[in-house]
Number of protein chains: 2
Amino acid sequence: MNDQVYSPTRTLMGPGPSDVHPRVLQAMASPVIGHLDPVFLQIMNGTMDMLRKVFGTENQLTVPMSGTGSSGMETLFVNLIEPGDKVVIGVNGLFGQRMVDVAARVGAEVIQVTAPWGQPLDPAEIEQALKQHGQVKAVGVVHAETSTGVRQPLEPIGELAHRYGALFLVDAVTSLGGIPVEVDRVGIDACYSGTQKCLSVPPGLSPVTFNQEAVKVLGERKGIVQSWYLDLTMIQRYWGAERFYHHTAPISMIYALREGLALILEEGLEQVYARHRLNGEALQAGLIGMGLKLLVDEQYRLPELTSVLVPEEVQDVEVRKRLLQLYNIEIGGGLGELKGKIWRVGLMGHTCRRRNVLTFLSALEDILIQLGYRTENGSGIREALRVYQAAGGVTI
Amino acid sequence: MNDQVYSPTRTLMGPGPSDVHPRVLQAMASPVIGHLDPVFLQIMNGTMDMLRKVFGTENQLTVPMSGTGSSGMETLFVNLIEPGDKVVIGVNGLFGQRMVDVAARVGAEVIQVTAPWGQPLDPAEIEQALKQHGQVKAVGVVHAETSTGVRQPLEPIGELAHRYGALFLVDAVTSLGGIPVEVDRVGIDACYSGTQKCLSVPPGLSPVTFNQEAVKVLGERKGIVQSWYLDLTMIQRYWGAERFYHHTAPISMIYALREGLALILEEGLEQVYARHRLNGEALQAGLIGMGLKLLVDEQYRLPELTSVLVPEEVQDVEVRKRLLQLYNIEIGGGLGELKGKIWRVGLMGHTCRRRNVLTFLSALEDILIQLGYRTENGSGIREALRVYQAAGGVTI
């Protein structure tokens, strides 16, 4: 049955999945035990504790949903929103659009506040939407828009949501573990993420966290949650003291998440953020040094995901193909209206290492020169090294 | 961060998860690659091909959903059923009940046909329900009821469903890879399973298969699918020729499924079924030899899951606790109305080996004698060995 197709050792520098830490891979190979085994219940508790630390929250209801990041998005909307509820959603990329789609399927009346792809949302426009439409149930935004690389400042929007009596819902898929999310400090009511970005864990789980206010809304629903699989009124009884069986937990993926979280906490959250900051800065300096342009203004750039404008003289697909074939490096192309126009270069979690920054800049220079783009060998590396040297002697 | 909690090496003889084959555990530790990597697309194709063989189908739309078995159940109902549609559901255990719950959340008008827990459904009653209610959209039944260990003969019900113009939907979570499912031969229109039973893969994916008739119903929907995450109109574009991005596939779990399926096909489907039959028969003979009673009549017993009535003189929980603590063996208790009344002993996939049958029978005898149940040392093993000897010299 062996079809001789093996996984090559790529360097995953796209928008996710990112490189998985070897300890995480090993954890997945641990023996499977039952989802109600007393040892597994301890493992669940430990995982929830670590998740709370990384989310920056004391929320009791902080659990990994048994699906990828998009299932976390759906979890928030099916549990907190009921047909006819008004929700304001910020749309400046594909994942904001997806939120609109998911909310509409729950029967929400969706009010979109848009910004051009590559720019952040303007809180003043969110406020205008809240003023104009009375009784908005929730405001949803994407913290780190994976389709563009924009970092959305959360606090002004959270403050507005609460001032107008709405829940504040945040997509932290590409931010959690890469930049601070700080659920409690920022005042996020419900938040979801994914494992395959800055947590260095394979795709497959979606950590979510609900605060007391969100749990209250969940408890006061008029109707039943439309999804049985994602129904937190039942799932919280399995992850809570009762341990009531809902569905069979994905044991091996939870082992993986637990190890990924342990790695982050061993390194220290502040150090993890500093590592992402420095490598992101070096990469961005290197790209600019090569004469390339970045999509996002400096103040809204994510360190863990950089969008580069594809120069007119080169072909998007050809560059990505050569990176993969010649260097085993995967980067992402553009999505939606940015298809063919940008490259998305990820430095998330275990991918976020100096060796990957330097290899990638060298590889891209090589390929761009092959394809006739006018740059100078070493111009990217030179700028990246300047950034590292300015930071002093660090091991990252 | 190491909390010193490690997974013990259990023998998983409950209703799932079952023991995972070492080659499957190793496969999960393979390097993660991107969900749009050309190599991963080959792996997806190979996985779909093998899934079709194990399901016994030529159905193009045969894919693993990115969630556990229950997400597969929800996938069938959210995609095929629309609000107001009538569905007939057979209920003779917890998973039939769950199907009712899931269908109702989609807005179906559910007609339940029941049988006592531990007995199969009567096709005559299904026919009566179909006659009584015009225009039923679908008939749903559970092939192997995990809460009772009952095998439901499918053909008479499938034939009735089609005679009355309804789709035939089947839960094959605990049957796939343990007893023949034969989707095409039986005339199943849509079917779902789980990885953590007879496929010897950890929990986390739900293989589903839809035939042309089901795909037609999907294509002719009046409204949008209420779940974005489980929307097959989009997901089939990722698993199909287009490779259109929907959500990030759970790469490592797909590696695991692929290896589990390869193991089954290497052994040969017929040999896999024969192994389950023989070990199941030996276990059941052993249990009866010890003086225990089984819940299900012989002709409807599953080889891979046996329900044993807890003798009045012993305590359910104490026996299971000692099996786990003294022997590292997990079995299941009863669910719902059978809570405290039965033990569920699984022999699924990689768990289904003679050494586990013999160890379990010895362990249970030991513990029952400890607890004052009147049996004779060796009485279970004696009967089990008779079954193996009658089968001739086999290596299982």
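In what order do the three strands of the open sheet in chain A lie? Let's start there, keeping in mind that this is a predicted model.

## A three-stranded sheet in chain A

The strands run in the order β11-β14-β13 in chain A, forming an open sheet with antiparallel pairing. β11 (305–309) and β13 (332–333) of chain A each have a single partner strand and stand at the edges, so one side of each has no neighbour in the sheet.

Looking at one of these pairings, β13(A) joins strand β14 (residues 342–346) of chain A in the antiparallel sense, over two bridges. Here you can find Gly332(A) opposite Arg344(A) of β14(A).

## Two domains in chain A

The domain assignment divides chain A into domain 1 (22–265) and domain 2 (268–390). Taken over C-alpha atoms, the centres of domain 1 and domain 2 of chain A are separated by 29 Å.

Where the domains of chain A meet, 21 residues of domain 1 are in contact with 22 residues of domain 2. On the domain 1 side of this contact in chain A, the residues are ten nonpolar, nine polar and two charged.

## A helix pair in chain B

Now turn to chain B, where helix α2 (residues 38–55) and helix α10 (residues 251–267) have axes that come within 9 Å and cross at roughly 45°. That angle makes α2(B) oblique to α10(B), and the crossing is left-handed.

Several residues make this meeting, including Phe40(B), Ile43(B) and Met50(B) from α2(B), with Ile254(B), Leu257(B) and Leu261(B) among those from α10(B). The residues of the contact of α2(B) with α10(B) comprise twelve nonpolar, two polar and two charged.

Notes. Residues numbered from 1 in each chain as written. Chains lettered and ligands numbered in written order. Predicted model: local features only at pLDDT ≥ 70, side-chain atom pairs only at ≥ 80, totals over all residues. Axes fitted to C-alpha atoms, helices over the stretch in contact; angles between N-to-C directions. Helix = DSSP H or I, 4+ residues; strand = E, 2+ residues; numbered from the N terminus. Parallel < 35°, antiparallel > 145°, perpendicular 65-115°, else oblique. Left-handed = near helix turned anticlockwise from the far one by under 90°. Contact = placed C-beta atoms within 7 Å. Nonpolar A, V, L, I, M, F, W, Y, C, P; charged D, E, K, R; others polar. Domains from an automatic or database assignment. Pairing = 2+ DSSP bridges.
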